[in-house]
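Visitor: I would like to go through this model one question at a time. Please give the cut-offs as you go.

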Amino acid sequence: MAKLAINGGPKTVTLDDKEATRWPIIGEEEIQAIIEAIKNGRFTSYETIREFESDFAKYHGVRYALAHNNGTSALHAAYFAAGVGPGDEVIIPSYQWHTAITPILACHAIPVFCEIDPKTLTADPEDIKRKITPRTKAICVVHMWGVPADMDPIIEIARDHNLVVIEDVSHAHGNLYKGRKLGTIGDIGCFSLQMGKSMVAGEGGVLITNNYEYYSRAVLLGHYERIPELTKDEYRRYHICNFGFKYRMHPLAAVIARIQLKHLDERNAIRRENMEYLTKGLMEIDGIEPQYIPPYATMGSWYGYRVKYYHEKLGVSKKKFIEALRAEGVRASEERYKLAHLQPMFQDKEKPIRSLLDCPNFRLRLYKKGDLPITEEVVSRLISLPVFHNKGCKELIDQYIEAFRKVVSNIDELK
Ligand SMILES: Cc1ncc(COP(=O)(O)O)c(C=O)c1O
């Protein structure tokens with residue numbers, strides 16, 4: 001095999017990957033719908049948002065979908081809806097985007113970090129069980145990069161301990177667990193529709209649930225204009241003076257999201273084919289492990305793709321390995337999600353969260369390196385690759401696979 005590109009050999013990836021990885025796809029349909037909504041005044045109408053909510057609820061087979069201005073606010077609403085309050089604990093993995101965690105703090109509650117399953121990179125049910133205390137109120141499960149967490153044992157634990165399960169489906173729109181749509185298995189599902197996600201609104205979020213109490217409480221937190229519609233007095237009485245957040249979606253975002261939803265399944269089918277093809281190709285290569293796709297999962301929504309790297313097998317650091325891949329033309333990079341438990345917020349008692357620390361009942365848990373050894377070890381192995389969103393990129397994926405094979409076969413050149 002030819003010399004590695006990092007040492008002056010020929011590059012393996014010669015095809016341009018811009019078209020294959022282009023995202024988001026905003027077509028003429030979205031553009032025309034936006035122009036139309038501005039012309040006919042529907043961009044100032046709540047009806048536009050309700051139409052999107054109705055489609056989203058129908059797609060998921062749930063009773064309620066409440067559109068939000070982003071995924072973070074949908075998560076805040078979910079914790080609030082679940083009754084998470086001062087001093088309560090919420091179990092959540094440390095490996096994920098931090099805004100699934102920070103709304104817990106907004107409820108003056110305490111994130112308790114659990115380990116991830118090294119294969120799926122999602123919450124480990126056994127460790128969830130270990131982290132339960134009398135103060136635990138909820139579990140938040142993030143379906144990382146699109147891979148569904150193993151929901152059955154998690155639901156069982158939650159039912160045994162009377163805990164609310166919140167699914168963060170921001171990476172996994174339309175993906176299935178044992179044939180069931182993610183976001184509908186727990187008590188509340190939350191989605192981000194920010195522009196990198198598998199369906200976009202520019203910025204946006206959605207909360208879904210079958211539970212009227214959760215829906216009503218989410219309305220109370222951030223949708224004052226809907227409070228008078230709630231059927232129970234205990235909620236309606238807050239319609240003049242409420243909880244101080246305004247979380248509704250922009251109607252133009254709803255126009256885009258509605259069209260994106262219509263195309264979600266067909267776009268997921270393309271991603272599924274591409275990413276399964278890549279996974280199969282990387283399977284036989286020594287020293288690495290492609291993203292695990294559990295047998296219970298149907299995945300079409302991919303927000304990222306992770307390969308595990310075993311430096312002890314290949315005798316070269318991950319940094320060097322990534323450099324060699326990049327020289328071959330592979331858009332490989334370091335893991336960009338930093339572990340929450342190792343961030344200043346959870347390491348020191350100082351300033352930024354002073355007001356929270358002063359709250360009665362509230363004692364933020366602090367962490368140090370080594371507290372989540374499995375998570376720390378697994379995440380240190382991860383290499384990020386792009387998602388292939390578009391049709392006609394098999395040849396490019398072949399070149400990516402070939403580049404991995406070439407670097408591994410010539411690993412001695414890097415020593
Ligand atoms: C897993 C996860 N949860 C929540 C969010 C927050 O969503 P938003 O950026 O729409 O507020 C993101 C955003 O990237 C995310 O990846």
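Visitor: How many Å separate the centres of domain 1 and domain 2?
Guide: This is a predicted model: local features need pLDDT of at least 70, side-chain atom pairs count only at pLDDT 80 or more, and totals for chains, interfaces and linings use all residues. Residues are numbered from 1 along each chain as its sequence is written. Domain 1 covers 5-23 + 265-336 + 377-414 and domain 2 covers 28-260, with bounds from an automatic or database domain assignment. Taken over C-alpha atoms, their centres are separated by 31 Å.

Visitor: How many residues does domain 2 give to the contact?
Guide: Two residues are in contact if their C-beta atoms, placed from the backbone, lie within 7 Å. Domain 1 gives 19 residues. Domain 2 gives 21 residues.

Visitor: Which elements give two or more residues to the side of domain 1 that touches domain 2?
Guide: Elements are DSSP runs numbered from the N terminus: helices are H or I with at least four residues, strands are E with at least two. Two helices and two strands qualify here. They are helix H9 (251-282), helix H13 (373-380), strand S11 (297-298) and S12.

Visitor: Which are the edge strands of the open sheet of four strands?
Guide: Two strands pair if DSSP finds at least two bridges between them. The order is S10-S12-S14-S13, with antiparallel pairing. An edge strand here pairs on one side only. That gives S10 (288-289) and S13 (333-334).

Visitor: Which residue in S12 is the bridge partner of Glu289?
Guide: S10 and S12 (residues 305-309) pair in the antiparallel sense over two bridges. The S12 partner of Glu289 is Lys308.

Visitor: Within what arc do the buried residues of H6 fall?
Guide: A residue is buried if 20 or more other C-beta atoms lie within 10 Å of its own, exposed if 12 or fewer, and partly exposed in between, with C-beta atoms placed from the backbone. In helix H6 (residues 151-161) the buried ones are Met151, Ile154 and Ala158. They line one face of the helix, because the arc seen down the axis, taken from the directions from the helix axis to the C-beta atoms, is within 65°.

Visitor: Which exposed residues does the opposite face of H6 carry?
Guide: This face is turned away from the buried side of H6. Its exposed residues are Glu156, Arg159 and Asp160.

Visitor: What percentage of the protein counts as buried?
Guide: The count runs over the 415 residues of the protein. The buried share is 47%.
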